[in-house]
Amino acid sequence: MADHQAVYVAGQWVAPEAGDTIDVVSPHSERVIASVPSAGKAEVDQAVAAAREAFDHGPWPRLVPADRLAVVRKLAERYGARRREMSAIITDEMGSPAAFTKFAQATLPMLLLNAVADIGEALPWEERRAGAFGGELLVRREPVGVVAAIIPWNMPQFLLVGKLAPALVAGCPIIIKPAPETPLDALLLAEIIDELELPAGAVSILPGGAETGELLVSHPGVDKVAFTGSTAVGRQIAASCGSQLKRVSLELGGKSAAIVLDDADPATVAEGVKIAGLMNSGQACVAQTRVLVPESRHGEYVDAVAAMVDGLVVGDPTDLSTEIGPMVAKRQQDRVRGYIQDGIKSGARLVAGGAEMPAGVDSGWYVRPTVFAEVDNRMRIAREEIFGPVLSVIAYRDDADAVRIANDSDYGLSGSVWTADHERGLDVARQVRTGSFGINQPYSMDPAGPFGGMKASGIGRELGREGLEGYLETKVISSS
Ligand code: NAD
């Protein structure tokens, strides 16, 4: 069992005063694999004070952007050198299948660092404009201030680096709180960052639970909160930030739809839905767990999706052939199985999977990948985020009806359309109220473009130029 003694406070390794610890448990073996100190009030206060000093008086926000970009590119290089280690840690701590982890959890963050540096390079940090009443305006982009980043466990490094990279490029000191399920990848990142010799106070990494997060969010020394997590916690954080007029970005839950038009090939649809609905064992905010199919070809699509799910390899996440690993925690396993039972009770037709354990698996927090057909969009399995490998197939009459059902959701995060006719797909894409959408591809999450949600899926954008702008304030200086 790996033991960690310290958390990363403003460039120093510090043993937390209160002495609380977090046990990290493998979702596959159900054994404790590491113990990590939990940051408390003393470390939060210390990190915020150092970040404040770095922002108010230190060199970091005052460097020319090119100097900060060079640091971000160096970080990408060092990160790349340790990405195998990162991948193994993430698979061990949260059970993400190794074949998925290698690229999506451990390589994408490195690519993201360089992509954000490219965006920073192209950004007009100072722009001159002619004033409407004569004179000249200088429009400047300045860092927003001290950032607190709160991270969930499902894509721990991608979501962390998605906040760290723009904060560094913008010149914001950042204090990062990883989820208690996944502190190990964050501590490895702290090791990598420590080698960069950033100015003191530029980065802190404080593992801890909800209380540590609350301390950060409500701290008067924090200027902006960047949160990714559940909609319920997002609402609390928005209220807390509202009372102090802090800047806040919220990347929350989803219940997205994959819309299958009647000209789509069933085999292609099934392969697309495998990624769109089930990547990371269904523990993805962008998961398209509602599969909308035309009444006219309903049976064909249901058969193709059910056959794909029946054929999935479920098991040990360290095995490269595994497609569905365990759920992150026992509570998550119980929750997903509860939804499967609820779907059966509500009258949806079970066409693959079920609420019992997968065949041949007797330990670990596994669930059977499951498909329901004849789902009514009013059922709980169609309305609530399950966060596990459970798909609901819903029949629609025509394209307009498909758009109506897709939009009949509290959420608006992601989605896709599957069709042989790009223009018809684009027409559907334009009408769906979500922050990102793919045409014949499982989702849209390219670091060059913005990512985020409409409705209960969040406020603000990450990634792309829009994401970087969330870490900047705009100032205008006029002169005659
Ligand atoms: P969660 O909301 O329970 O926790 C997320 C983080 O917030 C954790 O670090 C947690 O310790 C912290 N936290 C909890 N309560 C807090 C509080 N009151 N104040 C401050 N911090 C607090 O979510 P989770 O279970 O870790 O993650 C799953 C959820 O995240 C799903 O709903 C999923 O859709 C969402 N998610 C969204 C995106 C996106 O980009 N939209 C990406 C990934 C996950």
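**View 1. Gln 236 and the ligand.** In this predicted model, a side-chain N or O atom of Gln 236 lies 3.2 Å from a nitrogen atom of the ligand. That is a polar contact, a pair of N or O atoms within 3.5 Å. The protein covers 90% of the 850 Å² of accessible area that the ligand has on its own. Such areas come from the Shrake-Rupley method with a 1.4 Å probe.

**View 2. Ser 230 and Glu 214 at the ligand.** A polar side-chain atom of Ser 230 sits 2.6 Å from a ligand oxygen atom. For Glu 214, a polar side-chain atom is 3.2 Å from a ligand nitrogen atom.

**View 3. The shell around the ligand.** How many residues are around the ligand? There are 29, and those that come nearest are Ile 151, Ser 230, Leu 252, Cys 285 and Glu 385. A residue counts as near if one of its heavy atoms lies within 4 Å of the molecule.

**View 4. Cys 241 and Cys 285.** Cys 241 is buried, with a relative accessible area of 0%. Cys 285 is buried too, at 15%. Buried means under 20% relative accessible area, with a 1.4 Å probe and protein chains only. The model has 0 disulfides, a disulfide being a pair of cysteine sulfur atoms within 2.5 Å. From Cys 241, the nearest cysteine sulfur is that of Cys 172, 15 Å away.

**Notes.** Residues are numbered from 1 along each chain as its sequence is written, and side-chain values use heavy atoms, leaving out hydrogens and water. Local features need pLDDT of at least 70, side-chain atom pairs count only at pLDDT 80 or more, and totals for chains, interfaces and linings use all residues.

Methods. Buried means under 20% relative accessible area, exposed over 50%, partly exposed in between (1.4 Å probe, protein chains only). A polar contact is a pair of N or O atoms within 3.5 Å; within protein, one must be able to donate a hydrogen and the other to accept it, and residues adjacent in sequence count only if both atoms are side-chain atoms.
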